[in-house]
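Here is a set of questions and answers to work through with the structure open. The answers follow in order.

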Amino acid sequence: MRAHALNGLPSPVLIVDDQHKIVFANDSATAFLGANLVDEDVFLFLRHPRIVQSVDAALTDGPQTAGSLRYTAAHDRSFDITIAPLAERSSRGGRQAMIYFYEVTSLLRTEQMRADFVANASHELRTPLSSVIGAIETIQGPARDDPDATQRFLSIMQKEAERMARLIDDLLSLSRIEMSRHVAPDTQFEIGLVIGNVINALVGQAGERDIVISNEVAAGLPSVRGDDDQITQVLLNLLMNAIKYANRGTTVHVKAELLSNGAKIRIAVADEGPGIAPEHLTRLTERFYRIDTARSRKMGGTGLGLAIVKHILLRHETNLDIRSEVGKGSSFAFALPVSKSDAK
């Protein structure tokens, strides 16, 4: 009965006797520590000094207390381990203790991500704010009677203030997206129309760098299911990045095609730029991650664009597929489900 009950727990559980032998290990424990645990010395698997002390304390004839401690195993998995004596005695009449593992890896990672996010956001805001304060001090001091210098520093202040405004807008946008993360969109829209509107909005910006935007949307596509405002935001981010980082005088390709199974439409934005080195690809959607920090800031980037894209696509139950080859360009793609009314 005990084995059946404990095997149903998702957390590892061990029971040891007063000789430190494992007398029971549930299925989660064998998956975590390995098979054939029973009759082995528990300290062959758990060598941490505090675990040794807590197990010994639980197996003594002292007060019936439970001890809890933090334990980090291989592959950076972290657990809160509770070690408690059992009222039930072993077959020899000796004491027994239970070792219960509660995994806190995701909680610790979330806490670290939150701390990193606050630190990064503070740094990103502090940099333009320092520039604004410096410009104000210069205008009030050395440049007080210099109209040309005053205009120059006012221009700096405006640029940095706009940068802070963009960052705050992106932070608020990311927060709103995360709040609706688990609410799946259920409206339908024409993806070709959304792509066309986004291209029209950015054709002037592309022309400043002699970049041509090629609309390669397949004809007769069915409508898709999703939030058209958020998908517009995704396409704006991807297309603006392509325009910023593609080589001058090249073409940015925006494609949409029905997949062979007819259930989804794949949308891709591909540039003819310098490409991205492989070591950067898996980190591109991290908040504030930049390949070239100075260049990104110079171009007005906040470091949050692809993070916003990632979270919007997660809400749409799809992922951003990033492919790149140094010297040949990059492609950012995702797929949206065909609306039920148009599905075959």
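**Core, sheet and pocket**

Q: Which residues is Ile-191 in contact with, leaving aside its neighbours within four places in sequence?
A: This is a predicted model. Contact here means heavy atoms within 4.5 Å. With neighbours within four places in sequence left aside, the partners of Ile-191 are Leu-221, Val-224, Ile-231, Leu-235, Ile-265, Ile-267 and Leu-336.

Q: How many residues has the largest nonpolar core?
A: Ile-191 is among the residues with the most contacts inside this core. Leu-235, Leu-238, Leu-239, Ile-267 and Phe-334 are listed with Ile-191. The elements that give two or more residues to the core include helix H5 (147-179), helix H6 (191-207) and helix H7 (228-245). The size of the largest nonpolar core is 46 residues.

Q: How many residues has the other core, the one with Ala-25 and Leu-33?
A: This core lies apart from the largest one. Ile-81 and Ile-99 also belong to it. Its size is 24 residues.

Q: Which strands are the edge strands of the open sheet?
A: The sheet has 5 strands, in the order E7-E9-E10-E12-E11, with mixed pairing. An edge strand pairs on one side only. The edge strands are strand E7 (212-217) and strand E11 (321-325).

Q: Do E10 and E12 run parallel or antiparallel?
A: The two strands are joined by 7 bridges. Arg-266 stands opposite Ala-335 in E12. The direction of E10 against E12 is antiparallel.

Q: At about what angle does H7 run to E12?
A: H6 lies across E7, E9, E10 and E12, and runs at about 175 degrees to E7. H7 also lies across E7, E9, E10 and E12. The angle of H7 to E12 is about 170 degrees.

Q: How many Å apart in space are Asp-210 and Val-104, C-alpha to C-alpha?
A: Asp-210 lies in the loop between H6 and E7. Not counting residues up to four places away in sequence, Asp-210 touches Arg-248, Gly-249 and Thr-250. Val-104 is 106 residues from Asp-210 in sequence. In space, C-alpha to C-alpha, the distance is 52 Å.

Q: Which lining residues are the closest to the centre of the second largest pocket?
A: About 470 Å³ of space lies in this pocket. Its lining has 17 residues, and helix H4 (105-140) and H10 each give two or more of them. The closest to the centre are Met-113, Thr-285, Glu-286, Arg-287 and Lys-310.

Notes. Residues are numbered from 1 along each chain as its sequence is written. This is a predicted model: local features need pLDDT of at least 70, side-chain atom pairs count only at pLDDT 80 or more; totals for chains, interfaces and linings use all residues. Side-chain values use heavy atoms; hydrogens and water are left out. A nonpolar core is a set of buried Ala, Val, Leu, Ile, Met, Phe, Trp, Tyr and Cys residues joined through side-chain atoms within 4.5 Å. Buried means under 20% relative accessible area, exposed over 50%, partly exposed in between (1.4 Å probe, protein chains only). Helices (H or I, at least four residues) and strands (E, at least two) are DSSP runs, numbered from the N terminus. Two strands pair if DSSP finds at least two bridges between them. Axes are lines fitted to C-alpha atoms, for helices over the stretch in contact, and angles run from 0 to 180 degrees between N-to-C directions. On a 1 Å grid over the protein atoms alone, a cavity is a set of points where a 1.4 Å probe fits but cannot get out, and a pocket is an open set with protein on both sides within 12 Å along at least five of seven lines; lining residues have an atom within 4 Å of a point. Grid points are joined across faces, edges and corners, and a volume is the space filled by probe spheres set on the points.
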